[in-house]
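Have a go at each one before reading its solution.

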Amino acid sequence: MTTPASAKTTPPPGAIVPALKEHPPAEFASCFGCGDQASDGIRLKHTGLDGKVVETEFTVVEAHQGAPGLAHGGILAAALDEALGSVAWMLGERYVTGRLETDFLAPVPVGSTVHLRAWCTGVDGRKAYLEGEGHVDGKLAVRAAALFIAVPEEHFGER
């Protein structure tokens, strides 16, 4: 499930969920989602953080296309997963994606800048429930809901 199991773990509208800390460190230069050295990566750029919502964006390039002239759905899902992962990182634990549900609502042309917003809707033990959306030219194009699972640092191995 990508929604909290009980009402007690779901914050009411306007409630403060765990405060988000600073953006993830820039040590992941080769990360497909956020790395600035990933040649065909998404290269998400964080543009905002207000303590509850992460804002980020990327531009769809030719290497990201599926159907001619349009972004591949997997790229859009990966971008949302990365934005949601930024929220999970800022919750203060180390999380991995357990489940990601993505709805594709409008085609996204190559050359478009996709503006992503992501936030936490609840935390229950090791589970973090997250949602996000992507807009192109002010129009909702893609949205996602996810369940992230907290894991120990050792899960990621030696760096």
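A charge counts as sitting over a ring if NZ of Lys or CZ of Arg is within 6 Å of the ring centre and within 35 degrees of the ring normal. Keep in mind that this is a predicted model, where local features need pLDDT of at least 70, side-chain atom pairs count only at pLDDT 80 or more, and totals for chains, interfaces and linings use all residues. Residues are numbered from 1 along each chain as its sequence is written, and side-chain values use heavy atoms, with hydrogens and water left out.

**Exercise 1.** Find the ring that the charged end of Arg94 sits over.

*Solution.* Go to Arg94 and look for Trp89: the charged end lies over that ring, 3.8 Å from its centre.

**Exercise 2.** Describe the surroundings of Thr97.

*Solution.* Step two: list what Thr97 touches, skipping residues up to four places away in sequence, and you get Asp81, Leu147 and Phe148 (contact means heavy atoms within 4.5 Å). Step three: pick out the polar contact, which joins the side chains of Thr97 and Asp81 at 2.7 Å (a pair of N or O atoms within 3.5 Å; within protein, one must be able to donate a hydrogen and the other to accept it, and residues adjacent in sequence count only if both atoms are side-chain atoms).

**Exercise 3.** Work out how far apart the C-alpha atoms of Thr97 and Ala128 are.

*Solution.* These residues are 31 apart along the chain, and their C-alpha atoms are separated by 9.5 Å.

**Exercise 4.** List the contacts of Val114 beyond four places in sequence.

*Solution.* Val114 meets Thr56, Glu57, Phe58, Val60, Leu76, Val108, Gly134, His135 and Val136.
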